[in-house]
Amino acid sequence: MLVPFTVERTFDGAPREFRVDYDGIIHAMPERDALVLVENDWGTARFDYEGDHLLGFSIGMTSQAIELDDVGALESISAARGLGTEVIARGVDHLLFIVVLLLPAALASTAGRPLGAAPTLRDATRRGVGLLGTSLLASSVVLWALAVPAVDLPSDLVGTAVAASLLVVALHAMLRFTSRDRLVAGALGAVQGLGFAHGYLEVGLDRFGTPLAVLAFNLGTITATVTIAVLVFPVMLVLRRTAIAGAALYGVAGASCLYAIAWMIERIAGTDLPVERVATPLRVWPRNFWFVLLALVAAAVLLAWTSRNDSLRPLEGADTTSDDDSPKVLS
């Protein structure tokens, strides 16, 4: 049961010491205890602590004092950063967006043909960093634009938009309907920023009214995004010279399309499809790390087998033998 209340006094800041008097429900049901908790508090670096209570009220203990200890700003920033990381870690659509965004950078030629010549290591890395950086910049701008004035959009609208961004980036990976890849990354990254801003407001960080909270949360989203990219991009780089590079691109992007469509149907129609239960293993740490490691080993074995059979995908500018993409060297 939630009991609304109004604080009649005004304070220069949130009080760190105060007394709570409460005897409602206790006299009528003495076998029940009433609990006091602080779910979010910047001063103590406690966020999302709804399961950890500070005080318990019972017969004979209906008036108690609360003293909240302050911690350093760095500790609060670190805790808020973790909330930003968690928004991506628990959102499979965010995870898949990062993966699909990087797919064509590693697996497609610079002309966008998935089955054409493979990009060099240098070109693939440069394109991947460019796409990821553009997306992160756009999402960060939208996060700040909505989080600072605390503009909260409807949850279903934000969820549908994020799923739609995954659908568009997956279709672009397969069809490449424009050569302006960074423009696509920026536009869709901005939509991802809607999800980040909604997550920021959902956990209540806006109540602290400090740019440090937005900065910390933003650092968390950036950290999680870069970590995912560092884990999955090497798998793509290894696969790019194998015969299944095109199949990998179409397979991952196609599956992401199906996921995105299912999530959009769920959020628009208000139905409960099993898509979340199917996708859950992708976001469970460290299980997802072992998935990536297994994929990397399998890709390396496939690359070695392809090299021995002299069936490596040709490189763009294949006449350069001194480049970093010799068939005998992993690149």
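D93 is a buried residue, since its relative accessibility is 8%. In this predicted model, the side chain of D93 meets that of R267 in a salt bridge, with 3.3 Å from N to O. The pair joins distant parts of the chain, as D93 belongs to helix α2 and R267 to helix α7 (residues 245-269), 174 residues apart. The points below cover the salt bridges, the aromatic pairs and a nonpolar surface patch.

**Salt bridges**

- Four salt bridges are present in the structure.
- In the pair of R267 and D93, the partner R267 counts as partly exposed because its relative accessibility is 24%, whereas D93 counts as buried at 8%.
- A salt bridge also links R90 with E202, and their closest N and O atoms are 3.7 Å apart.
- R90 is placed in the loop between α1 (73-89) and α2 (92-107), while E202 is part of helix α5 (residues 181-202); the pair therefore ties together parts that are 112 residues apart in sequence.
- R90 has a relative accessibility of 35% and so counts as partly exposed.
- E202 has a relative accessible area of 55%, and is therefore exposed.
- D123 and R126 form another salt bridge, in which the closest N and O atoms lie 3.3 Å apart.
- Both D123 and R126 are in helix α3, and their separation of three residues is about one turn of the helix.
- D123 is partly exposed, because its relative accessible area is 21%; R126 also counts as partly exposed, at 48% relative accessibility.

**Aromatic pairs**

- The structure contains three aromatic pairs.
- One of them is the stacked pair of Y259 and W263, with 5.4 Å centre to centre and 25° between the planes.
- Y259 and W263 are both located in helix α7, four residues apart, which is about one turn of the helix.
- Y259 and W263 are both buried.
- F289 and W290 make an edge-to-face aromatic pair, with 5.3 Å centre to centre and 70° between the planes.
- F289 counts as partly exposed because its relative accessibility is 28%.
- W290 counts as exposed, because its relative accessibility is 52% and the cut-off for exposed residues is over 50%.

**Nonpolar surface patch**

- A nonpolar patch on the surface is formed by W144, V148, L212, L215 and L219, which together have about 400 Å² of accessible area.
- The most is given to this patch by helix α6 (residues 211-239), with three residues.
- V148, one of the patch residues, is found in the loop between α3 (121-147) and α4 (155-175).
- V148 counts as exposed because its relative accessibility is 55%.

Notes:
Residues numbered from 1 in each chain as written. Predicted model: local features only at pLDDT ≥ 70, side-chain atom pairs only at ≥ 80, totals over all residues. Heavy atoms only, no water. Patch = residues over 30% accessible without salt bridge, like charges linked within 9 Å, V, L, I, M, F, W, Y side chains within 5 Å. Areas by Shrake-Rupley, 256 points an atom, 1.4 Å probe, with all protein chains shown as cover. Helix = DSSP H or I, 4+ residues; strand = E, 2+ residues; numbered from the N terminus. Buried < 20%, exposed > 50% of the residue type's maximum accessible area, 1.4 Å probe, protein only. Phe/Tyr/Trp six-rings, centres within 6.5 Å; stacked < 30°, edge-to-face > 60°.
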